Amino acid sequence: MTGLWKCRAALTRGREEANVKKKLIIVFAVIAVVLLLIPVRKVYEDGGTQTYTSLTYKVIVWKQIDGKSGTEFYLFPNNFHQLDYYE
């Protein structure tokens, strides 16, 4: 009878370890998604143009003194260019 209890205890411990591993994988996946989606804001001295750049996208809010105005959206891999490229 004691052998059966040891076996059950080992199975229960194995399931608990598997659940902990699954939870860790989920936590790391959520952190990775957040890091991919959080943008970095930059304001330019051309009248107030703003860019929001993350690893997966770029949003440009144009506010040039004598030029463009409006909003543009670029997805990966076109989001790594300098502002001059988009003008």
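Where is the place of proline 77? In this predicted model, in which local features need pLDDT of at least 70, side-chain atom pairs count only at pLDDT 80 or more, and totals for chains, interfaces and linings use all residues, proline 77 lies in the loop between strand E4 (69–75) and helix H2 (83–86). Residues are numbered from 1 along each chain as its sequence is written, and side-chain values use heavy atoms, with hydrogens and water left out. Helices (H or I, at least four residues) and strands (E, at least two) are DSSP runs numbered from the N terminus. The peptide bond that leads from phenylalanine 76 to proline 77 is cis, its omega being near 5°.

Strands E1 (residues 40–43) and E2 (residues 50–53) run antiparallel and are joined by 4 bridges; two strands are taken to pair if DSSP finds at least two bridges between them. Within this pairing, lysine 42 is placed opposite threonine 51 in E2. The hairpin of E1 and E2 has 6 residues between the strands, and glycine 47 adopts a positive phi near 130° there. E2 also pairs with strand E3 (residues 57–63), in the antiparallel sense and over 4 bridges. Tyrosine 52 stands opposite valine 59 in E3, and a hairpin of 3 residues links E2 to E3.

Threonine 49 belongs to the loop between E1 and E2. This residue counts as buried because its relative accessibility is 0%, where buried denotes under 20% relative accessible area, exposed over 50%, and partly exposed in between (1.4 Å probe, protein chains only). The threonine 49 side chain forms a polar contact with the side chain of aspartate 46 at 2.9 Å, and it also reaches the backbone nitrogen of lysine 63 at 3.2 Å. A polar contact is a pair of N or O atoms within 3.5 Å; within protein, one must be able to donate a hydrogen and the other to accept it, and residues adjacent in sequence count only if both atoms are side-chain atoms. Neighbours within four places in sequence aside, the residues in contact with threonine 49 (heavy atoms within 4.5 Å) include Lys42, Tyr44, Ile60, Trp62, Lys63 and Leu83.

Valine 27 is located in helix H1 (residues 2–37). With a relative accessibility of 45%, valine 27 counts as partly exposed.
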